[in-house]
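I opened this entry to keep track of what I looked up, item by item. The structure comes first, then the notes.

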Amino acid sequence: MPLPSAERSTVTPLIRRPSFLAFWTGQGVSQVGVQLGQLALPVLAVSLLGAGEMDLGVLNAASMAAFLVVGLPAGAWVDRWLKRRTMIRADLVRMAAMLAVPVLWWSGRLEMWHLFLVAAVVGVATVFFDVAYQSYIPLLVDRELVADANGKLEATAQVSRLGGPALGGFLLTLVSAPVLFAGEAGGYLVSALCLTRVRDSETRPERVEGSSLLREIRDGAGFVIHHSLIRRIVASTATANLFSAITYVLMPIVILRELDFGPVGLGVILSIGSVGGIIGALASPRLAAWIGEGPLLPLGLLVGSAAVVLFPLALAAGPGPLALVLLSAGEFLMSFGVIVYNVMQVSMRQRVCPPRLLGRMNASIRCVVWGVMPIGSLLGGWLGERIGVAPTLWVGVAGAVLSCVPVAVGPFFRLRRLPDAEGE
């Protein structure tokens, strides 16, 4: 007797679905390009343009400010648009912006303000891409496979983060930093081309008569505010991101200048951190089956937050092997914990939210949890100049511990399985 269609969908592996494979491939390749650019950016700013703590704060703020400025309307617009087409256009905008960096460098005109502008443009395009991306997974795969798809995509992203920084560090011994921006542009191009190969059943949503942009934004924000579990996740994630921005805006100064490990050392540390992320992404389903989805969510954040203490300890150790070990261990544990936390909380959000609100729900959350990051970056740069790098890193440690409170004292430890629908 043949299985009903709903049951057949649960046993069809994702790796046998051509559209998911095309989507997966595009994101994997683009992530390698992103890692090349993310390594090249601080090297270019610090080593070639002489950026200081406040310059890095402004640069990081410029890249994240779009989530605060256009995050909410982006969600409403994405829910009106075809999400795959939105991602393709965002990729092409990011590709063009990244290509401007090597062009300006080779013409001898590149200045810090150019990097601020490029970061801002890429940030706006990334807002639209990310909101569409997180809203698209439940449209591309069956709802019961959302967590599996997120795990595979996150594991691939972490593999890219493993190879990308190491490859970038090696390439920086052969070519100048601006050349790596061309690699990031190429990654965005591959992503756009792969998205053209994806087939889905998405149709443009019908406009509700009498609806307005403000009302649609309010509907998405209202869902987030009134869902008790998501509300706690937003509080924890926003606090963690605020203080991680304070910490990470100074890490290029710590690694490249204070500890003098150079671009290769930066690449090695980031790659080791990605190993933790890969293990976290791959282990999440098994850990969830063993520990339970609910308890695993706060435990992941607790591990990631505790690891942050190793960063100021590495700086205190001074240049040498011990500092390298502490930084690498901190990146490894932080990536492992945060990825486990993210796989759990993102999958729950996607399962619990009605499809018509996915874009607005994701945008509302991103507006808060990513919108605090430019504030943290500016604050980190300012504190770094005012009180010094080491005390600022300890501020980041205190904030990381504080971020665990909303999910640690909530009901998650009592939930063997996170809900699939509101109220479950």
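**Aromatic pairs**

I searched the whole structure for aromatic pairs and got eight. The rings of Phe, Tyr and Trp (its six-membered ring) pair if their centres lie within 6.5 Å; planes under 30 degrees apart count as stacked, over 60 as edge-to-face and the rest as tilted. I looked up Phe-23 with Tyr-136, a tilted pair at 5.7 Å centre to centre with 50 degrees between the planes. Phe-23 sits in helix H2 (residues 18–48) and Tyr-136 in helix H6 (residues 112–140), so this pair ties together parts that are 113 residues apart in sequence. Helices (H or I, at least four residues) are DSSP runs, numbered from the N terminus. Phe-23 is buried, at a relative accessible area of 0%, and Tyr-136 is buried at 0% as well. The terms I use here are buried for under 20% relative accessible area, exposed for over 50%, and partly exposed in between (1.4 Å probe, protein chains only).

Next I noted Phe-129 with Tyr-133, a stacked pair at 6.0 Å centre to centre and 20 degrees between the planes. Both residues lie in H6, four residues apart, about one turn of the helix. Phe-129 is buried with a relative accessible area of 4%, and Tyr-133 counts as buried at 19%. Ring pairs link Phe-23, Phe-129, Tyr-133 and Tyr-136 into a cluster.

Before going on I recorded the basis: this is a predicted model, in which local features need pLDDT of at least 70 and side-chain atom pairs count only at pLDDT 80 or more, while totals for chains, interfaces and linings use all residues. Residues are numbered from 1 along each chain as its sequence is written, and side-chain values use heavy atoms, with hydrogens and water left out.

I then asked what Met-87 touches, not counting residues up to four places away in sequence. Met-87 touches Phe-23, Phe-129, Ala-132, Tyr-133, Tyr-136 and Leu-195, where contact means heavy atoms within 4.5 Å. Met-87 lies in helix H5 (residues 83–106) and counts as buried at 0% relative accessibility.

With residues up to four places away in sequence left out, Asp-91 touches Phe-129, Tyr-188, Ser-191, Ala-192 and Leu-195.

**Second largest pocket**

I looked up the second largest pocket and wrote down a volume of about 280 Å³. On a 1 Å grid over the protein atoms alone, a pocket is an open set of points where a 1.4 Å probe fits, with protein on both sides within 12 Å along at least five of seven lines; lining residues have an atom within 4 Å of a point. The volume is the space filled by probe spheres set on the points, which are joined across faces, edges and corners.

The pocket is lined by 17 residues, and Glu-144, Ala-147, Glu-293, Arg-351 and Arg-417 lie nearest its centre. Helix H7 (146–171), H12 and H15 each supply at least two lining residues, and H15 gives the largest share, five residues. By type, the lining divides into eight nonpolar, two polar and seven charged. Ala, Val, Leu, Ile, Met, Phe, Trp, Tyr, Cys and Pro count as nonpolar, Asp, Glu, Lys and Arg as charged, and the others, Gly among them, as polar.

I followed up Arg-417, which is found in the segment after H19 and is partly exposed, with a relative accessible area of 45%. Arg-417 touches Glu-293 and Arg-351, not counting residues up to four places away in sequence.

**Helix H13**

H13 (residues 293–306) has 14 residues and reaches 20 Å from its first C-alpha to its last, close to the 20 Å expected at 1.5 Å a residue. The expected span is 1.5 Å times one less than the number of residues. Ten of the 14 residues are buried, so H13 is largely enclosed by the rest of the structure. Among the buried ones I listed Glu-293, Pro-295 and Leu-301. The buried residues of H13 pack against helices H10 (228–248), H12 (262–291), H15 (321–352), H18 (389–403) and H19 (405–408).
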